[in-house]
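User: I am new to this structure and would like to learn how its features are read. Could you guide me through it?

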Amino acid sequence: RSPGWSEVKSLSSAHVAAVRAATGLTLDQMASMLHVHPRTVRAWQSGRNVPSDSASAAISALLAKHTELVRRLATGDQGVTITREERVGDLPRGWWLAAAGQALAVNPAIEVEWGVQRGQVHGR
């Protein structure tokens, strides 16, 4: 059996890159959320360095948070209005765009709205 994310001790460079892509984060945004320098994330992605166990756990936690948001969006438990601002609520815009795209793949009937107000996010 394959290990679950919670069982993975150290992530590969491909895992780090995949989590960053799945969450819609830029290199700088992921580094900021993990409280590391962008060069650290770049080194992890290139395979020059391997994330520590604690960094791997933090990366896994980011993915779990994102996966939960996708689930809530796909089931209609949470709605979102995405603005043109850099951040929507407390998260980068790309995070929301990636989650909305993944939720639409699961449930094409959900509504995703473009907003014009700064930081506008709403729940259902």
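**Confidence, then packing**

Analyst: In this predicted model, residues 118-124 have a pLDDT that stays under 50. The model has 25 contacts beyond four places in sequence for residues 118-124.

User: What is the average pLDDT of the protein?

Analyst: pLDDT is the predictor's confidence in each residue, from 0 to 100. Here the protein averages 86, and 85% of the residues score at least 70.

User: Which residues of helix α2 are buried?

Analyst: Burial is judged by relative accessible area, and buried means under 20%. In helix α2, which spans residues 27-34, the buried residues are L27, Q29, M30, A31 and L34. They pack against α1 (13-23), α3 (38-46), α4 (53-75) and β3 (91-92). Just after α2, H35 takes a positive phi of about 60°.

User: Is T23 buried or exposed?

Analyst: The cut-off for buried is under 20% relative accessible area. T23, which lies in helix α1, is buried because its relative accessible area is 0%.

User: Which residues is T23 in contact with, leaving aside its neighbours within four places in sequence?

Analyst: Contact means heavy atoms within 4.5 Å. With those neighbours left aside, T23 is in contact with L62, H66, G94, W95 and A98. For H66, the separation from T23 is 43 residues in sequence and 6.3 Å in space, C-alpha to C-alpha.

User: What does the side chain of T23 reach at 2.8 Å?

Analyst: The side chain of T23 reaches the backbone oxygen of V19 at that distance.

Note on methods. Residues are numbered from 1 along each chain as its sequence is written. This is a predicted model: local features need pLDDT of at least 70, side-chain atom pairs count only at pLDDT 80 or more; totals for chains, interfaces and linings use all residues. Side-chain values use heavy atoms; hydrogens and water are left out. Buried means under 20% relative accessible area, exposed over 50%, partly exposed in between (1.4 Å probe, protein chains only). Helices (H or I, at least four residues) and strands (E, at least two) are DSSP runs, numbered from the N terminus. A polar contact is a pair of N or O atoms within 3.5 Å; within protein, one must be able to donate a hydrogen and the other to accept it, and residues adjacent in sequence count only if both atoms are side-chain atoms.
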